[in-house]
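Student: I'd like to go through some side chains in this one. Could you show me the sequence and structure?

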Amino acid sequence: MIIYLHGFNSSPQSGKAQYLKQYLQARGRGGEFACPQLPHWPDLAVAVIEAEMARREKITLVGSSLGGFYATWLAERHGARAVLINPAIDPHVGLRAYLEPQQGCYGGESYALSEEHLRQWERLLVTRVHPERYLLLVETGDEVLDYRVAVKKYQGARQVVVQGGDHALASFPEHIPLILEFAGMD
């Protein structure tokens, strides 16, 4: 079972979520995919993901950007496996510059990013990981996050570092077989 966790201000309608969902559906495995809409409040987002996890068995989290941050916290808390796609490492620092009104992509809710968001992310920060739980997918051309920070944090994990690309992980489709192998779904 894959639970896909979208990024900051994104939604289950994101390109990668839809691509992975359609890939699995085309192979008769659509029932092994879930992608909940994550609330903008970090504590609520984690509660939504944990509720989804409680309904499933043999879970692999696939988290993109901020979803990768949540996947890390949940993998460490629950002993789960996680595929991280250009993951956010410290959103309580990186998103400070965005303390202003926000509009979710794909018609999502409007809200004001606040200091309380930053405090909640800081409480979810994982400083030491069990690298065997992770598959890290990053591209060196990520214009939003420094891929080298993720490579260092997840040292010892299975890592795929692609030259070029972008924050959306332009090479995503070619990694799906590896994601499914890591999830034990190949």
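Student: Is phenylalanine 172 buried or exposed?

Tutor: This is a predicted model, where local features need pLDDT of at least 70, side-chain atom pairs count only at pLDDT 80 or more, and totals for chains, interfaces and linings use all residues. Residues are numbered from 1 along each chain as its sequence is written, and side-chain values use heavy atoms, leaving out hydrogens and water. Buried means under 20% relative accessible area, exposed over 50%, and partly exposed in between, with a 1.4 Å probe and protein chains only. Phenylalanine 172 sits at 2% relative accessibility, so it counts as buried.

Student: And what kind of aromatic pair do tyrosine 19 and phenylalanine 172 form?

Tutor: Rings of Phe, Tyr and Trp (its six-membered ring) pair if their centres lie within 6.5 Å; planes under 30 degrees apart are stacked, over 60 edge-to-face, the rest tilted. The structure holds four such pairs. For tyrosine 19 and phenylalanine 172, the centres are 6.4 Å apart with 80° between the planes, which means edge-to-face.

Student: How many residues apart are they in the chain?

Tutor: Helices are DSSP runs (H or I, at least four residues), as are strands (E, at least two), numbered from the N terminus. Tyrosine 19 is in helix H1 (residues 15-26) and phenylalanine 172 in helix H7 (residues 172-182), so the pair links distant parts of the chain, 153 residues apart.

Student: Which residues does valine 129 touch?

Tutor: Valine 129 is in the loop between helix H5 (115-123) and strand S7 (134-139). Contact means heavy atoms within 4.5 Å. Leaving out residues up to four places away in sequence, valine 129 touches Thr72, Glu76, Tyr134, Lys153 and Tyr154.
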